[in-house]
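These are my notes from a first look through a structure that was new to me. I kept each entry to what I looked up and what I found.

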Amino acid sequence: MFWSVLWASVHYLSILMLFACLYGELLLWRTGINERNIRTLLWLDIGYGLSALVVLISGLARAGWTEKGWDFYLANPWFHGKVTLFVLIALLSLYPTKVLLGWRKSVKAGHVPEIDDKLQRNLRGVLVAEIHLVILMPILAVMMARGVGMGS
């Protein structure tokens with residue numbers, strides 16, 4: 001019981017952190033980029049990546065070492081949907097991360113990179129897509145946990 005509660009708590013808290021970092025990035029993109037908030041963007045992206053890693057680890061721990069076990073999850077189509085969605089979100093997140101990592105040296109030197117309207121739109125679009133996909137995760141989680149479509 002202890003491990004179940006621990007892993008569930010870590011999982012839920014890391015999901016909240018992931019969403020907060022992602023939403024924070026989107027808000028900063030919408031306000032325009034300056035030297036102060038570009039540093040915040042870099043930190044938010046690090047937080048996003050770390051929280052995604054904790055979501056993955058805690059999710060695997062919950063699936064493998066708590067009440068239902070691997071058999072339940074591997075036979076559940078909603079679990080496969082969640083994993084696919086998680087991978088899709090991770091792939092989408094590579095684009096903003098690549099852009100931000102490319103700016104690190106420039107930002108350390110105190111320069112704000114030039115951001116044209118196309119880049120601004122593309123990055124915002126990716127962040128909005130990620131948020132929408134993250135919002136689908138709890139719906140799939142509820143269907144998975146309840147065994148919707150599993151028969152009996």
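I took helices (H or I, at least four residues) and strands (E, at least two) as DSSP runs, numbered from the N terminus. The model is predicted, so I noted that local features need pLDDT of at least 70 and side-chain atom pairs pLDDT 80 or more, while totals for chains, interfaces and linings use all residues. Residues are numbered from 1 along each chain as its sequence is written, and side-chain values use heavy atoms, with hydrogens and water left out.

**Entry: nonpolar patch.** I looked up surface patches, which are made of residues with over 30% relative accessible area and no salt bridge, like charges being joined within 9 Å and nonpolar side chains (Val, Leu, Ile, Met, Phe, Trp, Tyr) within 5 Å. A salt bridge here is a side-chain nitrogen of Lys or Arg within 4 Å of a carboxyl oxygen of Asp or Glu, and accessible areas come from the Shrake-Rupley method with a 1.4 Å probe, only the protein chains shown counting as cover for residues. I found a nonpolar patch with about 900 Å² of accessible area together, whose members include Trp43, Leu53, Trp70 and Leu74. Helix 2 (35-65) and helix 3 (69-74) are the elements that give two or more residues to this patch, and the largest share, seven residues, comes from helix 2. Leu53 sits in helix 2 and counts as partly exposed because its relative accessibility is 45%, where buried means under 20%, exposed over 50% and partly exposed in between (1.4 Å probe, protein chains only).

**Entry: aromatic rings.** I then searched the whole structure for aromatic pairs and found six. The rings of Trp70 and Phe79 have centres 6.4 Å apart and planes at 80 degrees, so I recorded the pair as edge-to-face; rings of Phe, Tyr and Trp (its six-membered ring) pair if their centres lie within 6.5 Å, and planes under 30 degrees apart count as stacked, over 60 as edge-to-face and the rest as tilted. Trp70 is partly exposed at 34% relative accessibility, whereas Phe79 is buried at 13%. Trp70, Phe72, Tyr73 and Phe79 make up one aromatic cluster.

**Entry: positive patch.** Which residues gather in a patch of positive charge on the surface? I found Arg30, Lys118, Arg121 and Arg124 there, with Lys and Arg counted as positive, Asp and Glu as negative, and His and the chain ends not counted. The place of a charge is NZ of Lys, CZ of Arg, CG of Asp or CD of Glu. Helix 5 (residues 117-146) gives the most, three residues, while Arg30 lies in helix 1 (residues 2-31) and is exposed at 54%.
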